[in-house]
Amino acid sequence: MKQIKTKIISNRLIGPMCYHMVLEAPSVARAIKPGQFIHVRCSDSFEPLLRRPFSLHRKNGGRIEILYKVVGSGTEILSRRQSGEAVDVLGPLGNGFAPKLSTLNSQLSTILVAGGMGVAPLVALAQELSKKKTQKLRVLIGACSKSRILCEEEFRALGAEVSISTEDGSKGAKGLITDRLNFLLSTLNSQLSTIYACGPNAMLKALSRIANAKRIPCQVSLEERMACGVGACLGCPVKVKAGEYKMVCKDGPVFDAEEIAW
Amino acid sequence: MVEVKIGRLRLANPVMAASGTFGYGEEYNRLFDINSLGAIVTKTITLKPRIGNPPPRIVETPSGMLNSIGLENKGLDDFLKTRAQPLKRLKTKVIVSIAGETAQELKILTGRVSSSGAADAIELNLSCPNVKGPGMAARDVEAARKIVKAVRKAVKLTLIAKLSPNVTDIAEIAKAVEDAGADAVSLINTFPAMAVDINTQRPILGNATGGLSGPAIKPIALKMVWDAYNAVKIPIIGIGGIMSAQDAIEFILCGASAVQVGTANFINPKASLEIIEGIEKYLKKKNLKDVNELIGRLRIWPR
Ligand SMILES: Cc1cc2nc3c(=O)[nH]c(=O)nc-3n(C[C@H](O)[C@H](O)[C@H](O)COP(=O)(O)OP(=O)(O)OC[C@H]3O[C@@H](n4cnc5c(N)ncnc54)[C@H](O)[C@@H]3O)c2cc1C
Ligand SMILES: Cc1cc2nc3c(=O)[nH]c(=O)nc-3n(C[C@H](O)[C@H](O)[C@H](O)COP(=O)(O)O)c2cc1C
Ligand code: FES
């Protein structure tokens, strides 16, 4: 974990209210893994006061990239930051995905399930997985409508088979992403599959039920409002089946789906 | 010189990390050497484990934040088993924060914490707004007096009573705990507060209400420190919205012998280090040799 001043290389609008930011941050880039996040001071003033967490979206040499949606004051201020400016970043934080990479079994399939902005950390994971071309990478992207589908080309460029679904049917299959997942699983040997997912809680909950029923290992990246981001304030709890709370920032944000008390 | 004394406790400098915002020091020690701080105050522990409040526990508000952690902690036994050793290894002073429902509970806590050797001082949290029960003592003068008296008997270590701002007269409470034998008072804890989501028409916090901290509370905290300073002789530790050396110096001028930094840790984990440096610079600029000369130095306008 480091607290550093990074330089904005670029900060571009790439979709409705969606921005892609590249930061020069060699010491963080060296250590950060897919699923981990950085805690960003959106401005140098105390407005907004707290840092905002963003997942690693891509790593490129000494640069890290984030993909974010403007939903409130912090992300709005971030979206107006210009290249060349300095941004205070704390990271890498949390535990990333723990992909099973070692085996050479070509029957294995890895399924990434991304709802809305959930594509952000899964691109980083696909990037890592694609370095070892040992398994088939399948990506499901779901959103409410066509304009909200992000990163399709990025996943394809990484060698993934991508399938899209939208709730209004404006692109890909019409319906929920979990329906697509059920369909995909019916065509695969589920014993040999692993799921990695990020998206709205309701989606993750539904998905974990599917994974559980079919006994498929499933890791999910969760979100909670954060203050410290490092495990010091106990501000970002998620209830686990053992009945206690774990901290999303320190024990997660990636958890085994079956551990969570949905 | 920036050394200050709180009871028998000698601090290398007057800046400490506030309870609940710094865990047990472990996380931030990975980012910088926390031994540079005057002291750390650990997350409040209770006799029995507490699971804490349901999420969301955090929400940002104008120039501040609300929290409703609900004193989540793993209890005394776990503290002694897993936290005491690493705390002993720290070179900075360790102030262990405790809370309890009854005098009996607090006596057990203080007794066992002090014999563990992990604490250089005890901070008695009279005032968490997020739990029912122990919070009461900070609002009621007689209850506060009784509790502090009981704990005083059980502990030789420096005893600091942490006060809630949720009272009619902070001076009166400060006086009561001084009479009861507290070596110092620290103030303030967070203000009971709320945030509402008009889309869902629900409170944002899972617990509905929480405690307000950060820059928003600083002016009120300053006034309370000033009031307490004019009422008691024991040292005062100023807390509330301290983000910079300037903020810390304002508290010292109003009568604080030392300060605690809370919310600022979340924004800039190294805030305390910058504050220490800033205080030293200020002393130099004002041609002062000793930070103790600043305590309560506020010069009231002539009438
Ligand atoms: C580990 C982690 C990784 C994240 N990665 C990304 C990412 O890669 N890209 C991205 O666009 N967003 C990501 N988020 C969510 C992002 O942090 C929030 O959208 C952001 O903090 C909102 O800040 P704001 O000031 O713009 O909005 P605010 O004004 O603070 O809030 C606006 C709305 O966003 C919701 N919100 C605020 N904070 C959070 C939070 N921490 N988690 C969930 N909802 C929140 C609130 O319910 C509110 O309705 C991540 C969150 C976490 C916890
Ligand atoms: C997330 C959080 C948790 C806290 N937990 C405790 C606690 O366990 N015990 C305690 O005495 N004070 C606790 N506090 C209060 C702080 O120690 C401090 O009194 C208060 O936040 C005001 O200072 P600040 O404005 O610098 O944060 C907590 C504050 C925050 C923000
Ligand atoms: S945000 Fe502080 S513990 Fe997770």
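Okay, let's start where the chains touch: 30 residues of chain A and 33 residues of chain B take part in the contact, and contact here means heavy atoms within 4.5 Å. Before going on, the housekeeping: this is a predicted model, where local features need pLDDT of at least 70, side-chain atom pairs count only at pLDDT 80 or more, and totals for chains, interfaces and linings use all residues. Residues are numbered from 1 along each chain as its sequence is written, chains are lettered from A and ligands numbered from 1 in the order in which they are written, and side-chain values use heavy atoms, with hydrogens and water left out.

Back to the interface. Chains A and B bury about 2600 Å² between them, and 62% of that is on carbon and sulfur atoms. Buried area is the accessible area, taken with a 1.4 Å probe, that two parts lose on being put together, summed over both.

What about salt bridges? The rule asks for a side-chain nitrogen of Lys or Arg within 4 Å of a carboxyl oxygen of Asp or Glu. Two of them turn up across the interface of chain A and chain B. Lys250(A) forms a salt bridge with Glu27(B), and their closest N and O atoms are 2.6 Å apart. Over all chains, the structure holds 26 salt bridges. Inside chain A, Asp44(A) and Lys5(A) pair up at 3.9 Å, N to O. That pair links distant parts of the chain, 39 residues apart: Asp44(A) sits in the loop between β3 (37-40) and β4 (52-55), and Lys5(A) in strand β1 (residues 2-15).

Staying in chain A, some backbone details. The loop between β3 and β4 also holds Pro48(A), which is joined to Glu47(A) by a cis peptide bond with omega about 0 degrees. Another cis bond joins Gly91(A) and Pro92(A), with omega about -5 degrees; Pro92(A) is in strand β7 (residues 86-93). And Met17(A), in the loop between β1 and β2 (18-24), has a positive phi, near 60 degrees, without being a glycine.

By the way, the elements I'm naming are DSSP runs numbered from the N terminus: helices are H or I with at least four residues, strands are E with at least two.

Now the helices of chain B. Helix α3 (residues 103-116) packs on α4(B) at about 30 degrees, axes 9 Å apart. That makes α3(B) roughly parallel to α4(B), as angles under 35 degrees count as roughly parallel, over 145 as roughly antiparallel, 65 to 115 as roughly perpendicular and the rest as oblique. Ala103(B), Leu106(B), Lys107(B) and Thr110(B) of α3(B) meet Ile147(B), Ala150(B), Val151(B) and Ala154(B) of α4(B).

Next, α4 (residues 141-154) against α5 (residues 170-179), both of chain B: about 25 degrees, with axes 8 Å apart. So α4(B) is roughly parallel to α5(B) as well. On the α4(B) side the contact uses Val141(B), Ala144(B), Arg145(B) and Val148(B), and on the α5(B) side Glu172(B), Ile173(B), Ala176(B), Val177(B) and Asp179(B).

And how does α5(B) sit against helix α6 (residues 218-229) of chain B? They pack at about 50 degrees, with axes 8 Å apart, and are therefore oblique to each other. Here Ile170(B), Ala171(B) and Ala174(B) of α5(B) meet Met224(B), Asp227(B) and Ala228(B) of α6(B).

For all those angles, axes are lines fitted to C-alpha atoms, for helices over the stretch in contact, and angles run from 0 to 180 degrees between N-to-C directions.
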